[in-house]
Amino acid sequence: MKDVTIEFFHDVICSFCFPMSYRMRQLQKMMPEAQIVHRSYALVKSERDFEAMFGSRAAAKIEILSHWEQANQNDDLHRFNISGMHKAEFPFPASMKALTACKAAYFTAGDAGYWDVFDALQNALFVQNHNIEDLDIINECIRQSGIDFTKWEQYYNSGDTKEAVEKDLLLANQYGINGVPCLILDGKYQINGAQPLTQIIKAVRGVAESKEKIASEGAACRLDNGKINCD
């Protein structure tokens with residue numbers, strides 16, 4: 001079976017990306033020959049986007065937390081702390097600071113570093129109910145990941161890192177991606193949504209065996225007519 005390159009597009013604030021990342025780690029253990037490359041996707045780039053999508057940032061939090069209910073059912077470990085997030089006083093975070101933190105981790109420690117920071121930030125939001133737009137929270141997640149903090153901080157403050165995030169967003173557009181999680185296999189085959197591990201493995205093996213098999217749509221957060229919709 002030939003090696004397969006899997007581009008894993010995701011957003012830190014995407015609720016369905018949380019269970020998907022857990023499954024992709026299982027996939028990596030079962031298929032170590034697969035090369036998983038992490039790509040940024042921004043559901044909400046700025047505070048203005050919340051207003052355009054939901055009317056206000058406060059309204060956005062209420063609607064997005066309803067998405068967490070479905071995502072928690074999708075999650076194999078049912079890890080979401082929904083009641084805690086309802087009580088949290090900070091507004092729902094936008095995407096870009098956390099995505100920049102992840103990309104800086106990539107430049108510091110490769111895809112493994114990106115993944116560790118991505119998971120730490122998602123756990124901080126979905127389980128611990130921390131504000132991942134707060135730099136103190138981001139810094140704590142970086143330290144938890146074990147990567148070189150000083151080196152990461154230099155990359156985080158670099159314009160080149162922000163440009164790299166934007167390049168990922170452009171690439172997502174070129175692939176025709178309008179929601180995450182999304183996998184692109186060998187630059188050609190697309191798997192959408194947080195699908196069961198068995199379906200992901202089947203699709204990857206199909207591509208590895210040069211069979212053009214595409215898995216069915218799974219649960220995801222999508223941008224439809226300028227608004228976030230989650231299954």
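Helices and strands are taken here as DSSP runs, a helix having at least four residues and a strand at least two, numbered from the N terminus.

**Entry 1: the whole protein.** I am looking at a predicted model, and I began by counting its elements, which come to 9 helices and 7 strands in the protein. I then looked up the radius of gyration, which is 17 Å, close to the 17 Å that the globule rule gives for 231 residues, so the protein is as compact as a globular protein of that length. For the extent along the principal axes, I noted that the C-alpha atoms fill a box of roughly 50 × 40 × 30 Å.

**Entry 2: helix 6 and helix 7.** Two packed helices are described by the angle between their axes and the distance between the axes. I looked up both for helix 6, residues 135-145, and helix 7, residues 149-156, whose axes come within 10 Å and cross at roughly 135 degrees. The crossing of the two helices is right-handed.

**Entry 3: the residues between them.** On the side of helix 6, I listed Leu-135, Ile-138, Asn-139, Ile-142 and Arg-143 as making the contact, and on the side of helix 7, Phe-149, Trp-152 and Tyr-156. Sorted by kind, the residues of this contact divide into 6 nonpolar, 1 polar and 1 charged.

Note on methods
Residues numbered from 1 in each chain as written. Predicted model: local features only at pLDDT ≥ 70, side-chain atom pairs only at ≥ 80, totals over all residues. Heavy atoms only, no water. Axes fitted to C-alpha atoms, helices over the stretch in contact; angles between N-to-C directions. Left-handed = near helix turned anticlockwise from the far one by under 90°. Contact = heavy atoms within 4.5 Å. Nonpolar A, V, L, I, M, F, W, Y, C, P; charged D, E, K, R; others polar. Rg over C-alpha atoms; globule rule 2.2 N^0.38 Å.
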